[in-house]
Amino acid sequence: MLLITPYPRLVSPLLATKSTPESSFTRRARASSSSSSSSSSYHWPFLTPKRRLNGFKLKSATVPGDVESGSLVKGLKLGGMFGVWYLLNIYYNIFNKQVLRVFPYPATVTAFQLGCGTLMISIMWLLKLHPRPKVTPSQLPAILQLAAAHTLGNLLTNVSLGRVNVSFTHTIKAMEPFFTVLFSVLLLGEWPSLWIVCSLLPIVAGVSLASFTEASFNWIGFCSAMASNVTNQSRNVLSKKFMVEKEALDNINLFSIITIISFVLLVPVAILIDGFKFTPSHLQLATSQGLTVKEFCLMSLLAGVCLHSYQQVSYMILEMVSPVTHSVGNCVKRVVVIASSILFFKTPVSPLNSIGTATALAGVYLYTRAKRIKPNPNSKSS
């Protein structure tokens with residue numbers, strides 16, 4: 001009796017024993033199968049490796065495309081955020097300058113603007129547009145430092161904007177890199193490289209030339225803008241440090257808490273410095289200088305909304321990019337704000353003033369480029 005399996009290539013090991021002789025049909029089937037197998041492997045010796053190689057090549061070719069498309073989307077998103085940052089900053093400076101012209105109380109104006117931001121944050125949390133933060137006691141000291149720097153930075157900037165032109169305030173604020181390097185040497189003992197020192201020279205020279213030729217120059221506006229450089233730069237550095245810590249708050253909640261604390265801190269200070277100025281008589285005095293009550297209230301509200309919005313976008317960008325890239329964007333923002341304020345307010349600018357402003361901004365750009373140059377380890381060891 002012959003045992004014929006339906007699949008000759010898969011002969012059961014129990015049947016293929018020495019005691020059972022192999023039939024001629026089984027031998028012919030097995031020989032035919034092996035010959036077809038050998039012939040196929042002879043005619044297609046690189047079939048399987050080729051498929052694997054193609055598969056590998058296809059995968060390696062698609063990964064850069066995915067990365068490139070992801071980078072393109074991220075670049076477009078980041079470019080859009082920079083555009084919104086600049087646009088909101090332009091409108092803030094225009095609205096804020098018009099308010100401070102007729103209502104020369106910078107502490108009260110700043111407190112009102114921070115109050116607008118606090119209201120926007122409360123609505124955001126109430127409507128659950130963003131989850132509420134959970135602040136731990138260990139986070140409070142760092143948050144209070146940020147809030148104090150944020151309060152002083154906004155207050156001093158408004159003091160300067162109330163005293164001098166918008167373009168001159170932002171020209172002075174271009175000296176932020178100088179104060180960064182100075183405090184790094186004094187407090188941290190970190191000495192700058194030769195390239196960074198060389199980039200600071202045109203910044204100082206440009207701001208000095210712009211100051212000497214500025215028609216609206218006065219010492220209160222100049223010193224308050226210089227002081228805002230210190231507070232704003234320290235806020236940015238501390239914020240970046242706080243964002244990368246474990247269990248850190250996200251950028252929206254961090255900025256929201258800072259804004260609320262700043263509002264609470266500044267309200268009593270504003271009342272102590274300016275007194276209570278939101279009275280009908282003070283509003284009439286403000287509106288007697290060219291604005292109606294409706295226009296004054298609308299511009300004050302829009303300035304507060306623009307301030308909170310552009311600073312929130314700035315925090316979002318700071319979380320996505322390095323401080324050097326953020327500084328480059330800040331430098332370009334100053335160029336845009338200075339140019340737009342000159343055009344809107346028709347500020348008279350002398351040729352020497354223009355040269356000084358351009359020199360200072362060019363120095364800021366060179367500083368950001370010098371920050372990217374890594375020091376040579378050989379020279380440091382020698």
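Cys223 is partly exposed, with a relative accessible area of 42%, while Cys306 is buried at 10%. Those labels follow simple cut-offs: buried is under 20% relative accessible area, exposed is over 50%, and partly exposed is in between, using a 1.4 Å probe and protein chains only. As for disulfides, the count is zero, where a disulfide would be a pair of cysteine sulfur atoms within 2.5 Å.

A quick word on what you're looking at: this is a predicted model, where local features need pLDDT of at least 70 and side-chain atom pairs count only at pLDDT 80 or more, while totals for chains, interfaces and linings use all residues. Residues are numbered from 1 along each chain as its sequence is written, and side-chain values use heavy atoms, with hydrogens and water left out.

Now the overall picture. The protein has 14 helices and zero strands, taking helices as DSSP runs of H or I with at least four residues and strands as E runs of at least two, numbered from the N terminus. Of its 382 residues, 42% are buried. Contacts here mean heavy atoms within 4.5 Å; among those between residues at least 6 apart in sequence, 86% join residues at least 24 apart. The accessible surface comes to about 22,200 Å², and carbon and sulfur atoms own 69% of that. Areas come from the Shrake-Rupley method with a 1.4 Å probe, and for residues only the protein chains shown count as cover.

UniProt's unreviewed entry lists residues 78–95, 107–127, 178–203 and 252–273 under "transmembrane region". Its positions are in the numbering used here, feature names are shortened, and annotations may be inferred rather than shown by experiment. Here's how two of these spans look in the model:

Leu126 sits in helix H3 (residues 106–126) and is exposed, at 64% relative accessible area. Together with Leu119, Ile123, Leu127 and Leu129, Leu126 forms a nonpolar surface patch of about 560 Å² accessible area. Patch members have over 30% relative accessible area and no salt bridge; nonpolar side chains (Val, Leu, Ile, Met, Phe, Trp, Tyr) are joined within 5 Å, like charges within 9 Å. A salt bridge is a side-chain nitrogen of Lys or Arg within 4 Å of a carboxyl oxygen of Asp or Glu.

Thr169, by contrast, is buried, with a relative accessible area of 0%. Thr169 belongs to helix H5 (residues 166–172). Setting aside neighbours within four places in sequence, Thr169 contacts Ser160, Leu161, Val164 and Ala225.
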